[in-house]
Amino acid sequence: MGHLDHAAFGWLTPVLSYVMACIGAALGLRCTVRALGATGRSRRNWLLTAASAIGTGIWTMHFVAMLGFSVSGTEMRYNVPLTILSLLVAMVVVGAGVFAVGYGRDRGRALVLGGLTTGLGVASMHYLGMAALRLHGQVHYDPGLVGLSVVIAVVAATAALWAALNIKSPVAVAIASLVMGGAVSSMHYTGMIAVSVRVTPSGEALPGATAMQFIFPLAVGLGSYLFLTSAFVALSPTAGEREASASAQRPVESVAR
């Protein structure tokens, strides 16, 4: 058995990955709140932004955490197509859950469907990302812990969507984002505790890219996307602000006439 280290760089990767999960959650929740107050194309665009934010945040959280993962006795590489597929799955399945909430007429049913879909998407992203891992040996999973990680993912996703439907103030959204970030991180590390590796020493070169060659640059790029999109959302006026501005302009137009 190879010795597994989940924090090879100390607290740096767990803390940074938690921060990325919180940012993605906060941005996704704010965009969903904006979407519920919009109509037509504007609602669709806000929901698309929410799905990309949550999906990107979850994916970045997972692979930033994986930068601190190591197994004694073997190098590690990542299959590039599978890794990219895990990102696309996160965005698409999270998008399906967000749209279910954004357009669902029965809020209760939409919440259950959206939470289940989004949670399974989070779990699928995690285990697809793990399937992309290449090392000298075999990876095994504890079925009970895997099942627990999936349950955590579904509960976390449902709670996040409930918050998007019921919480409007920025402070409440921030608190909900911290909770969701913690839940996503818990899901990740529960899934990682389920892992055991039987190392088979070998001198053969592993296929794929190292974490620093591929994962790190992509995580930095996606993290930058989250920060820039957060700034855009923070600076864009809400529906209430637009209505207040329009109301303020009407008396001026009346006087001018």
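**Briefing: confidence, annotated spans and aromatic contacts**

V64 is buried, having a relative accessible area of 6% (buried means under 20% relative accessible area, exposed over 50%, partly exposed in between, with a 1.4 Å probe and protein chains only). This is a predicted model, in which local features need pLDDT of at least 70 and side-chain atom pairs count only at pLDDT 80 or more, while totals for chains, interfaces and linings use all residues. Residues are numbered from 1 along each chain as its sequence is written, and side-chain values use heavy atoms, with hydrogens and water left out.

**Confidence**
- The chain averages a pLDDT of 82, and 90% of the residues score at least 70; pLDDT is the predictor's confidence in each residue, from 0 to 100.
- Helices (H or I, at least four residues) and strands (E, at least two) are DSSP runs, numbered from the N terminus.
- Where pLDDT is low, the predicted coordinates should not be read in detail.

**Annotated spans**
- The unreviewed UniProt entry annotates "transmembrane region" at several spans, including residues 82-103 and 172-194; UniProt positions are given in the numbering used here, feature names are shortened, and annotations may be inferred rather than shown by experiment.
- Residues 82-103 are 100% helix and 0% strand, with end C-alpha atoms 31 Å apart.
- For residues 172-194 the end C-alpha atoms lie 33 Å apart, and the span is 96% helix and 0% strand.

**Surroundings of V64**
- V64 is found in helix α2.
- Not counting residues up to four places away in sequence, V64 touches T13, L16, S17 and A219 (contact means heavy atoms within 4.5 Å).
- V64 and V15 are 49 residues apart in sequence, yet their C-alpha atoms are 9.6 Å apart in space.

**Aromatic rings**
- Rings of Phe, Tyr and Trp (its six-membered ring) pair if their centres lie within 6.5 Å; planes under 30 degrees apart count as stacked, over 60 as edge-to-face and the rest as tilted.
- By this rule the count comes to 4 aromatic pairs.
- The W59 and F63 rings have centres 4.5 Å apart and planes at 40°, so the pair is tilted.
- W59 and F63 are both buried, and together with Y78 they form one aromatic cluster.
- The rings of Y127 and Y141 have their centres 5.7 Å apart and their planes at 75°, so this pair is edge-to-face.
- Y127 counts as buried at 18% relative accessibility, whereas Y141 counts as partly exposed at 33%.
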